[in-house]
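Subject: Structure for you to look at

Hello,

Here is the structure I said I would pass on. Please open it first, then read the notes below with it in view.

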Amino acid sequence: MSVQHYVKMIDNASVAQRCHAAAALAHIYLQPDLEFDERRSTEAVLTLLLDDPSPKVRLALAEAFSTSAHAPAHIVASLARDQIEVATYILGRSVLLSDADLIDCVAGGSGEAQRLVAARAKVSYPVSAAIIEIGEVEAVAALLANSQAQIADISFRRLVERLGHVAEIRTLLIDDNRLPADCRHALAVRIAEALCQMDMVMALMGERRAKRITRDACVRASVSLVAATRIDEYPALIEHLQLRGDLTTAFVIRIVAAGKIDFFAAVLVALSGYSLGRVRSLIIDGRPAALGALLSAAGLPVSTHLPLKVALEGWRNVANGRQDVGSPEIIRRMIEHLEPIGRDAGTFPAAANDDMLSLLKRIHLDAIRENAREQVLAITAA
């Protein structure tokens with residue numbers, strides 16, 4: 001049938017007939033060999049059908065145009081902003097929607113419209129940023145579940161800040177390999193804070209003990225996080241720790257005791273202003289005096305210098321194959337070198353020495369427990 005025939009029948013046709021006409025006209029428009037004048041007149045009729053009072057007619061258009069790359073762009077954009085029953089096909093499938101169109105649909109659409117955009121086969125960085133900034137929880141969850149979605153590091157940071165308190169979002173973020181290291185740390189802190197605030201935890205432990213255990217757990221989690229962080233992410237993670245006030249002396253001691261020497265080098269670069277090459281050279285074979293100067297330049301207290309030097313010497317021997325020891329043995333040596341100073345007239349204040357010994361003994365106990373857990377797991381897996 002000609003376009004003119006459909007135009008004449010539309011005015012007095014039933015809903016079912018108008019739906020048939022809409023689908024037929026869409027099919028005509030998508031024919032590749034259609035003449036220019038007929039294509040233009042067909043497009044005009046299709047545009048008028050956007051104002052049809054029945055959503056079923058507009059739905060017929062959406063079904064016909066949702067998978068085509070040659071549909072009229074203005075009709076597709078209009079259908080994408082229609083009621084959700086009509087927009088579903090377009091939002092979920094159409095390749096003609098630009099980032100600007102999709103962001104507009106996210107901003108002005110329902111939660112279901114946002115979810116459909118988030119689940120698309122291709123979601124760009126700007127669209128993901130819009131969903132994370134203003135999307136409902138269900139839409140954000142759909143975005144995180146979409147492994148093809150492009151999500152920038154800055155968007156992940158905003159997401160942790162905005163919805164880090166939502167358990168469903170935290171669960172999805174933990175399992176997301178795209179999450180940068182600094183966000184993983186912020187997420188771990190959010191989880192710890194949520195646990196600490198639980199009524200049952202407060203009742204069993206009390207506020208002070210719960211906060212202390214939470215703080216210690218965050219520090220241990222931070223050390224574990226370093227092991228799973230790529231070297232190129234070290235600067236961002238270090239900056240994040242600095243801004244939070246978590247790059248403490250105790251944290252640095254734990255890092256070195258655990259053998260995370262590359263991360264320790266990155267910390268010294270950030271704190272001292274030395275070049276990475278210079279820092280690595282001093283860590284690998286620097287003399288004690290030069291190493292002490294580096295630690296001082298980084299602002300590390302004098303009370304940390306001896307245990308850090310002892311640990312670095314131990315890890316050098318491990319790296320060179322001269323010794324085969326683990327973290328518990330390295331920490332024990334750090335403690336042994338400090339204890340004689342505690343019995344002597346100290347090189348630095350006794351209180352600082354006592355604090356350092358207390359910290360190292362706690363770290364030693366944690367290392368022994370972790371080593372025991374790994375052994376049990378190995379036995380179980382055998």
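This is a predicted model: local features need pLDDT of at least 70, side-chain atom pairs count only at pLDDT 80 or more; totals for chains, interfaces and linings use all residues.

Helix α12 covers residues 167-174, and its buried residues are Ile 169, Arg 170 and Leu 173. Looking down the axis of α12, these buried residues fall within an arc of 100 degrees, so they line one face of the helix.

As for Ile 169, if its neighbours within four places in sequence are left aside, it is in contact with Val 137, Val 140, Ala 141, Leu 144, Leu 159 and Leu 163.

Helix α8 is another one to look at. It runs over residues 111-118, and six of its eight residues are buried, so it is largely enclosed by the rest of the structure. The buried ones are Gly 111, Ala 113, Gln 114, Leu 116, Val 117 and Ala 118. What covers them includes α6 (84-93), α7 (99-108), α9 (125-134) and α10 (137-145).

Is His 27 buried or exposed? His 27 is found in helix α2, residues 15-29. Its relative accessibility is 54%, and exposed means over 50%, so His 27 counts as exposed. The C-alpha atom of His 27 is separated by 9.6 Å from that of Leu 61, although these two residues are 34 residues apart along the chain.

His 305 lies in helix α21, residues 302-319. With a relative accessible area of 8%, His 305 is buried. Not counting residues up to four places away in sequence, His 305 touches Gly 292, Leu 295, Ser 296 and Leu 300.

Now the aromatic rings. The count of aromatic pairs comes to three. One of them is Tyr 234 with Phe 263, an edge-to-face pair at 5.0 Å centre to centre, with 90 degrees between the planes. Tyr 234 is in helix α16 (residues 234-244) and Phe 263 is in helix α18 (residues 261-272), so this pair ties together parts that are 29 residues apart in sequence. Both Tyr 234 and Phe 263 are buried.

Phe 263 also pairs with Phe 251: their ring centres are 6.4 Å apart and their planes are at 90 degrees, so this pair is edge-to-face. Phe 251 lies in helix α17 (residues 249-257) and Phe 263 in α18, so here the parts tied together are twelve residues apart in sequence. Phe 251 is buried, as is Phe 263. Taken together, Tyr 234, Phe 251 and Phe 263 form one aromatic cluster.

The charged end of Arg 39 sits over the ring of Tyr 29, at 5.2 Å from the ring's centre.

Regards

Terms used:
Residues are numbered from 1 along each chain as its sequence is written. Side-chain values use heavy atoms; hydrogens and water are left out. Buried means under 20% relative accessible area, exposed over 50%, partly exposed in between (1.4 Å probe, protein chains only). Helices (H or I, at least four residues) and strands (E, at least two) are DSSP runs, numbered from the N terminus. The arc is that of the directions from the helix axis to the C-beta atoms. Contact means heavy atoms within 4.5 Å. Rings of Phe, Tyr and Trp (its six-membered ring) pair if their centres lie within 6.5 Å; planes under 30 degrees apart count as stacked, over 60 as edge-to-face and the rest as tilted. A charge sits over a ring if NZ of Lys or CZ of Arg is within 6 Å of the ring centre and within 35 degrees of the ring normal.
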